[in-house]
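Colleague: I have just opened this one and could use a quick tour. Can you walk me through it?

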Amino acid sequence: MISVRFPLPLPRRVKSRIALGFAAALAAGIGGLVLLALSGWFLTAAALAGASGAAAIAAFNYLIPAAAIRGLAIVRTAARYGERLWSHEAALHALAGLRSTLFARLAHADGRSAPDLSGGDASARLIGDIAALEDLVVRRPGIPAAIGTMLVGIGAVALAGWLAALLLLAVLALLLAALAILPTRLSAAPAAEAAAATAALRRMLVDYAAARSEIITYGLADRVTGLLAEQADRLDSAQRQLARIEAASSGLLILGSALAAALTLMASTASAPLTALAMLAATACIEAVAAIARSSAREAAVAEGTERLRVLLALPAPQDAPSVAATASWPLGLGQATFAAGSRIALTGPSGSGKTRVIEALAGLRAPAHLLSLDGKALAMLPEAELRRQIALAPQEPMLIAGTVADNLRLARPGIDAAAMEQALRTAQLWDRITRMPQGLDTMLGEDGGILSGGERKRLSLARALLAERPWLLLDEPTEGLDAATEASLVAALGAWLDATGTGLLIASHRAAPLALAAVVVPVEAIPAA
Amino acid sequence: MRIPKAAGLAWTSDIIGAGIFAWGAASALEARLEGTSGMATGAALMLLGGLLRLASLYGAQVLGFDEGRLLARSRRATLFPHLLSLAGPAAPALGATATLAIDHVAAEQAKVARFDPVRKSATMAPILVVLVVALQSRVAALILFLTLIPFVIGMILAGGAARQAADRQMAAITALSALYVDRIRHLPIIRHFAAEDRIARQAGGAAEDVAERTIAVLRAAFLSSAVLEFFAALSVALVAVYCGFSLLGLLPFNPPEQLDYRAAFFVLVMAPEFYLPMRRLAAAYHEKQLGEAAEKALAQVPEPVSRPAASDHVSLQSVAIVWPGHRIGPISFELGARGLVCITGPTGSGKTSLLAAIAGQVAPSEGALETLPAEAIAWAGQVPLLLPTTLDDNLRLGRPDAGEDEVAAAMRAVGLDALVARRDNGLATAIDHHGAWLSGGERRRLGLARALIADRPLLLADEPTADLDAASADQIIALLKAEAQRRAVIVATHDERLAALADQVIAL
């Protein structure tokens with residue numbers, strides 16, 4: 001049976017759906033059982049009355065059972081619909097809530113210490129592994145309802161005598177043991193094997209697909225396919241074993257139903273109509289076992305999903321986000337030197353000397369490796385939120401999100417309007433390009449800024465940093481990939497913007513034009529390690 | 001490949017067991033009603049029926065699995081090499097490649113294993129039930145048959161709505177997955193701009209949206225199964241009422257048949273079997289939808305490109321590679337038998353795709369491309385292929401008959417000779433699937449060594465100096481510059497020091 005729990009407390013909305021689902025499942029289960037049992041009783045009683053002559057027929061109240069049979073057919077259908085809908089609504093809202101909660105936790109984690117998950121990995125967890133938990137909630141109303149149905153069924157069979165009820169109980173116990181416990185035990189090894197083979201296959205496919213140009217170049221497709229096929233065969237044989245266990249379980253259930261019916265029939269001490277009622281009630285009782293058996297069959301997948309979510313579940317719940325409204329501008333310390341707010345600094349040094357590292361540390365993207373300070377406090381001591389109030393970054397890699405031009409610009413701070421966007425894009429020398437696009441600011445860019453060229457992406461990223469309106473602007477190779485004319489006008493516009501806003505600048509570049517914006521030069525080698 | 005269809009027959013044979021069970025139950029109850037002997041025989045028939053049903057169900061599911069497995073095998077045999085022969089922007093991304101090869105094939109396999117056999121039996125088995133029932137009661141058979149007509153109409157109406165909703169939902173899930181991948185990848189910059197709350201609200205809203213859409217799909221899907229269940233229950237109720245009134249002799253019409261108790265009870269027990277195959281079909285409907293969606297996705301995997309005609313040099317005239325949401329180029333350059341060309345540009349600007357086009361693995365959308373034939377090109381990739389064999393085998397993938405001295409020279413040239421010397425087994429050291437003991441930079445240099453050992457006229461290298469410390473990078477830069485004196489070398493790189501030595505720089 002289900003021993004895995006849903007990883008977070010369920011919200012009230014979900015709980016109420018589960019309760020409704022339970023009520024409907026119980027009504028559907030009992031309705032179906034009574035429908036079957038009553039039909040058997042009615043038919044047999046009618047035969048008895050029919051054989052006993054006109055007086056018996058006249059005395060036989062056929063209207064109530066006949067109407068009840070038709071009524072139950074409708075009740076059962078409606079209740080089953082309600083059960084399915086409510087239990088799935090409960091599950092889907094629970095999953096959406098879990099996704100939302102875990103995403104928020106991941107998003108709020110301190111970037112310098114958050115678990116290092118690639119986008120694909122984290123999204124596989126948030127989408128795939130959470131989806132595996134659906135069963136956990138969907139089945140929740142069904143199990144107690146199945147037990148309720150079984151109890152009613154045992155009561156109905158008891159009408160045929162205590163021995164019949166006892167025998168049914170024995171068959172139920174046997175089946176529950178065989179179907180809810182044995183398959184779980186037997187399938188543990190093949191399920192683990194199938195999961196391992198799938199994981200190996202996935203890893204190999206990703207590795208080999210990453211090297212496909214090499215595979216094509218050297219003509220290695222057949223050899224690689226052979227290696228993959230080995231894993232696929234391993235997966236197939238494990239799954240075949242699982243399929244056999246599942247097939248045997250469903251077969252066993254139907255044999256159990258025949259056995260329960262036959263035993264009830266033989267053990268019955270009641271009249272023929274009650275015997276017919278009990279026999280059909282017994283078969284319906286066994287059907288209820290199926291709901292429980294199904295749940296245990298899926299337990300392995302659910303447990304595995306929960307296991308992989310552990311990294312995300314371990315993250316702390318987000319605190320109220322501190323305000324990032326700019327406070328006073330703080331002086332910036334690079335090594336021993338301190339620069340007042342509004343200074344314009346060029347960070348120089350050969351490639352690979354650590355310029356980007358300094359800039360990313362100041363922006364809170366990475367742990368600092370150099371002696372850096374803000375307002376006289378060592379960078380490592382400052383919380384991420386404090387860094388954010390001071391610094392806006394246009395990184396070397398533009399880091400654009402999939403969405404529209406406006407989506408990317410709005411990332412900078414809340415409440416940016418079209419006029420502000422236009423102004424920033426004009427400064428970044430990108431406004432003309434954006435207005436030429438058919439949808440302007442609402443043009444979809446695709447992943448990583450897809451439809452823009454490399455230089456255009458960098459300028460969009462620059463416009464975003466301008467919109468953040470923070471005391472310090474950090475630029476990492478802002479003009480790489482630009483022609484000289486565009487570069488010149490960009491540098492001029494940027495200089496005017498800096499003059500107008502009094503923003504401080506820290507710029508790393510190997511090109512002369514943008515470096516001219518700076519008044520001071522700091523070689524990165526001059527900044528000692530932290 | 002033809003897949004045998006025995007599982008459908010096995011599902012249908014379930015009706016035989018059901019019939020024997022029903023007959024046994026009816027006989028036993030009749031014996032009970034009339035106080036005659038024969039209860040034990042009836043009970044024995046019930047058990048026999050149960051055993052036969054067990055055999056049918058077991059056989060049907062195992063046969064179904066085998067049919068699915070056959071399909072999966074033949075699928076993989078063509079799909080794996082196909083997926084590995086695609087390069088460039090049109091090729092499915094890494095994650096998508098695994099999804100296509102594993103999840104989509106599994107979805108198709110599940111459809112063949114679970115849905116197809118049941119569909120086959122869903123036409124045969126109800127006919128068989130009606131025939132068997134008609135032997136005992138033609139009116140009951142007629143009742144069963146008549147409930148089928150409104151049922152079919154209801155299913156068509158509900159099914160159409162369900163299909164449309166399912167398509168929309170599939171699209172919503174794919175979009176949700178893409179949104180999560182993108183936002184998680186960009187969490188550093190999102191955090192930097194303090195936009196976590198806004199982005200988390202967006203992500204949460206998208207998840208809620210998918211839940212709402214899914215619920216709409218399920219409402220439609222459950223409605224069609226409710227239609228099914230309603231008629232299943234109604235047919236049982238009508239048969240029960242008809243048989244009861246017939247036994248009482250109270251039917252408002254003149255029945256064309258005289259029903260006895262055994263026939264009546266047999267018909268009552270068989271009535272639910274009429275709709276059972278269709279209920280099984282409804283239960284497997286999800287597999288059908290997923291399987292068909294997977295089939296569609298697999299059919300959309302692009303065909304491998306045909307190689308450009310072989311030339312003796314590389315020449316690009318206004319070459320552009322365009323695909324939805326992306327554009328590379330136009331680019332023009334020429335490279336003869338010697339020289340170094342560097343392709344530069346930010347991540348995602350298409351350096352690797354352009355390199356693949358020069359290798360003849362991606363067809364340009366515009367412009368004219370000439371390049372060398374496949375066997376004249378060596379490739380040193382970002383994440384070199386590592387096969388689970390020895391280091392030596394892995395190095396010789398491009399030219400298995402290379403001499404020992406050539407392998408050693410190449411390893412020395414890329415600075416991996418010390419690494420080999422440190423291993424007890426030297427070049428015979430085994431490499432496992434993930435190349436556990438190699439760092440990213442070492443893997444990269446191994447790929448470059450492999451390309452040198454292949455000794456081909458055109459060398460293509462993708463970010464050869466990334467992940468390397470300054471000294472190793474300098475060694476690789478010098479090596480590439482030296483190689484460019486002997487052959488044509490084209491490099492995609494971020495490295496300014498490398499680009500500074502190039503004969504031509506192509507900025508994307």
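Modeller: Here is a short walk through the chains, their contacts and a few residues. Keep in mind that this is a predicted model.

Colleague: Fine. Which domains does chain A have?

Modeller: Chain A is split into domain 1, residues 12-313, and domain 2, residues 332-526. Their C-alpha centres lie 56 Å apart.

Colleague: And how is chain B divided?

Modeller: Chain B has domain 1 (1-136 + 286-304), domain 2 (137-258) and domain 3 (309-507).

Colleague: New topic. Where does UniProt place the feature "transmembrane region" in chain B?

Modeller: The unreviewed UniProt entry puts it at residues 6-26, 38-59, 79-106, 141-162 and 227-253 of chain B.

Colleague: What does the chain do over residues 6-26 of chain B?

Modeller: That span is 100% helix and 0% strand. Its end C-alpha atoms are 31 Å apart.

Colleague: How far apart are the end C-alpha atoms of residues 79-106 of chain B?

Modeller: They lie 13 Å apart. This span of chain B is 68% helix and 0% strand.

Colleague: Now helix α9 of chain B, residues 351-358. Is it mostly covered or mostly open?

Modeller: Mostly covered: eight of its eight residues are buried. Among them are Lys351(B), Thr352(B) and Ser353(B), along with Leu354(B) and Ile358(B).

Colleague: What comes just after α9(B)?

Modeller: Gly360(B), which takes a positive phi of about 80°.

Colleague: One last residue. Where is the place of Leu452(B)?

Modeller: Leu452(B) sits in helix α13 of chain B, residues 440-454.

Colleague: Why is Leu452(B) called buried?

Modeller: Because 25 other C-beta atoms lie within 10 Å. The cut-off for buried is 20 or more.

Colleague: Which residues does Leu452(B) touch, leaving out those up to four places away in sequence?

Modeller: Leu452(B) touches Ala410(B) and Ala413(B).

Colleague: And how far is Leu452(B) from Leu498(B)?

Modeller: They are 46 residues apart in sequence. In space, Leu452(B) and Leu498(B) are 18 Å apart, C-alpha to C-alpha.

Terms used:
Residues numbered from 1 in each chain as written. Chains lettered and ligands numbered in written order. Predicted model: local features only at pLDDT ≥ 70, side-chain atom pairs only at ≥ 80, totals over all residues. Domains from an automatic or database assignment. UniProt positions renumbered as here; feature names shortened; annotations may be inferred. Helix = DSSP H or I, 4+ residues; strand = E, 2+ residues; numbered from the N terminus. Buried ≥ 20, exposed ≤ 12 C-beta atoms within 10 Å, placed from the backbone. Contact = placed C-beta atoms within 7 Å.
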